[in-house]
Amino acid sequence: MIWVRMGAMMMFFAVGLGAFGAHAIRGKISDYYFDVYRTAVLYQFIHALGLFVVAWASTISADARISWAGMLMIAGIILFSGSLYVLSLTGIKWLGAITPLGGLCFLASWFCLYAAKY
């Protein structure tokens, strides 16, 4: 099932990136950027778990909004967490303008799960 695989892959990367942050970059970037990095990891974890909810929901309903929820969660992880990872490691501030797009994807994904017919 694609959503289980996607959830597992996103969890794998969340664990790896979390460990990288804790062991490789802690103390090498400012406290502010370390907090930004931790926020990226947290939101990736939450929405990777959300992909398992999508996987479960897809077993009880064929509503297309469930698949949309999964796609939006992946887009949100890439845009939200991805932009924060790069921002925290490079300090390129304009990347902060991308982050809210990822947040909108997260919101839309949860709304799709809410609105789906079960």
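**Close-up 1. Arginine 38 pairs with aspartate 35 in a salt bridge.** The closest N and O atoms are 3.9 Å apart. A salt bridge here is a side-chain nitrogen of Lys or Arg within 4 Å of a carboxyl oxygen of Asp or Glu. Both residues sit in helix H2, three residues apart, so about one helical turn separates them. Helices are DSSP runs (H or I, at least four residues), numbered from the N terminus. Arginine 38 is partly exposed at 46% relative accessible area. Aspartate 35 is partly exposed too, at 41%. Buried means under 20% relative accessible area, exposed over 50%, and partly exposed in between (1.4 Å probe, protein chains only). This is a predicted model, where local features need pLDDT of at least 70, side-chain atom pairs count only at pLDDT 80 or more, and totals for chains, interfaces and linings use all residues. Residues are numbered from 1 along each chain as its sequence is written, and side-chain values use heavy atoms, leaving out hydrogens and water.

**Close-up 2. Arginine 65 forms a salt bridge with aspartate 63.** Here the closest N and O atoms are 2.8 Å apart. Arginine 65 is partly exposed, at 31% relative accessibility. Aspartate 63 is buried, at 15%. The whole structure holds two salt bridges.

**Close-up 3. Leu42, Tyr43, Ile46, Val53, Trp56, Ile60, Trp110 and Tyr118 form a nonpolar surface patch.** Together they have about 790 Å² of accessible area, from the Shrake-Rupley method with a 1.4 Å probe, only the protein chains shown counting as cover for residues. Patch residues have over 30% relative accessible area and no salt bridge; nonpolar side chains (Val, Leu, Ile, Met, Phe, Trp, Tyr) are joined within 5 Å, like charges within 9 Å. Helix H2 (residues 31–60) gives the largest share, six residues. Tyrosine 118 lies in the segment after helix H4 (99–115). It is exposed, at 52% relative accessibility.

**Close-up 4. The largest nonpolar core has 33 residues.** Such a core is a set of buried Ala, Val, Leu, Ile, Met, Phe, Trp, Tyr and Cys residues joined through side-chain atoms within 4.5 Å. Trp3, Met10, Leu51, Val54 and Leu113 have the most contacts inside this core. Helices H1 (2–25), H2, H3 (64–90) and H4 each give two or more residues to this core. H2 gives the most, with 11. Leucine 51 touches Trp3, Met6, Gly7, Met10, Gly70, Met73 and Ile74, leaving aside residues up to four places away in sequence. Contact means heavy atoms within 4.5 Å.
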